Amino acid sequence: MSKFMKTGSFLIIALLCTVALQAQKFGYINSQAMMAELPKVKQADSDMEAFQKQLQKKGQDMVTAFQTKVQDFQKRVEAGEVPPKAQEEEEKKLEEERQKILAYEQEMTQQLQTKRDALLKPILDEFNAAVKAVATENGYQYVFDQGILLYFDAAMDVAPLVKKKLGLTQ
């Protein structure tokens, strides 16, 4: 093969690669910064904060009541006002109340997560729909968010070809 043919082949391959890359359109978005700008997110954050304060107040009230009962019990024990059998029963009741407080803390965490999901899901769905709409309207095959793929053109999925190559499909 002559030097000209090698160079010509290389140029054709380089040209084809350039054309293929130019046909691909990539986009980028910083969703975290954009989400922080959305009024709906600010409202959701405010709602979450109010809900969290409400739950924490209830929990703090439970803890305060428990601490008062424990202090009162300890004073009565030190004063010799509580017989041993009654002391055991009251200790069991206090332990049950302590366990209820621990269970409430776990329940509070779950309630907060459920509330956060409920508030943010429609906002995230709207955001993702907007990203998809912008991508399709402007011909982007891929939209990334700080290295994470947010959108892709389903026609670009090579999974069927790879499955065929692996013998998973006919």
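Contact here means heavy atoms within 4.5 Å, and that is the sense in which one element is said to cover another in this tour of a predicted model.

**The whole chain**

Of the chain's 170 residues, 16% count as buried, and of the contacts between residues at least 6 apart in sequence, 68% join residues at least 24 apart.

**Helix 4**

Next select residues 84-138, which make up helix 4; its 55 residues reach 80 Å from the first C-alpha to the last, close to the 81 Å expected at 1.5 Å a residue. Move along this helix to Leu120, where there is a bend of about 35°, and then look for the proline that follows within four residues, Pro122. Just after the helix, Gly139 has a positive phi of about 75°.

Now show the side chains of the buried residues of helix 4, among them Leu94, Tyr104, Leu112, Ile123 and Ala135. Which elements cover these buried residues? The cover includes helix 2 (31-37) and helix 3 (39-78), together with strand 2 (142-145) and strand 3 (148-152).

Is Glu97 buried or exposed? Glu97, which has its place in helix 4, counts as buried because its relative accessibility is 18%, and buried means under 20%. Leaving aside neighbours within four places in sequence, Glu97 is in contact with Met62, Ala65, Phe66 and Lys69. Thr109 also lies in helix 4, but at 51% relative accessibility it counts as exposed, since exposed means over 50%. If you draw a distance from the C-alpha of Thr109 to that of Leu55, the two atoms are separated by 9.5 Å, although the residues are 54 apart along the chain.

**Helix 3**

Select helix 3 next, whose 40 residues reach 58 Å from first C-alpha to last, close to the 58 Å expected at 1.5 Å a residue. Its buried residues are Val41, Ala44, Met48, Phe51, Leu55, Gly59, Phe66 and Phe73, and what covers them includes helix 2 and helix 4.

**Ser31 in helix 2**

Move to Ser31, which lies in helix 2 and is buried, with a relative accessible area of 13%. Apart from neighbours within four places in sequence, Ser31 is in contact with Phe127 and Asp145; Phe127 is one of the buried residues of helix 4.

**The largest pocket**

Finish by displaying the largest pocket, which has a volume of about 260 Å³. Of the 15 residues that line it, Ile29, Met34, Phe127, Ala130 and Val131 are the closest to its centre. Strand 1 (26-28), helix 3 and helix 4 each supply at least two residues of the lining, and helix 4 gives the most, with 6 residues.

Technical notes
Residues numbered from 1 in each chain as written. Predicted model: local features only at pLDDT ≥ 70, side-chain atom pairs only at ≥ 80, totals over all residues. Heavy atoms only, no water. Expected span 1.5 Å × (residues − 1). Bend = angle between axes of the 7 residues up to and from the residue. Buried < 20%, exposed > 50% of the residue type's maximum accessible area, 1.4 Å probe, protein only. 1 Å grid on protein atoms, 1.4 Å probe; cavity = no way out; pocket = protein on both sides within 12 Å on 5 of 7 lines; lining within 4 Å. Points joined across faces, edges and corners; volume = space filled by probe spheres on them.
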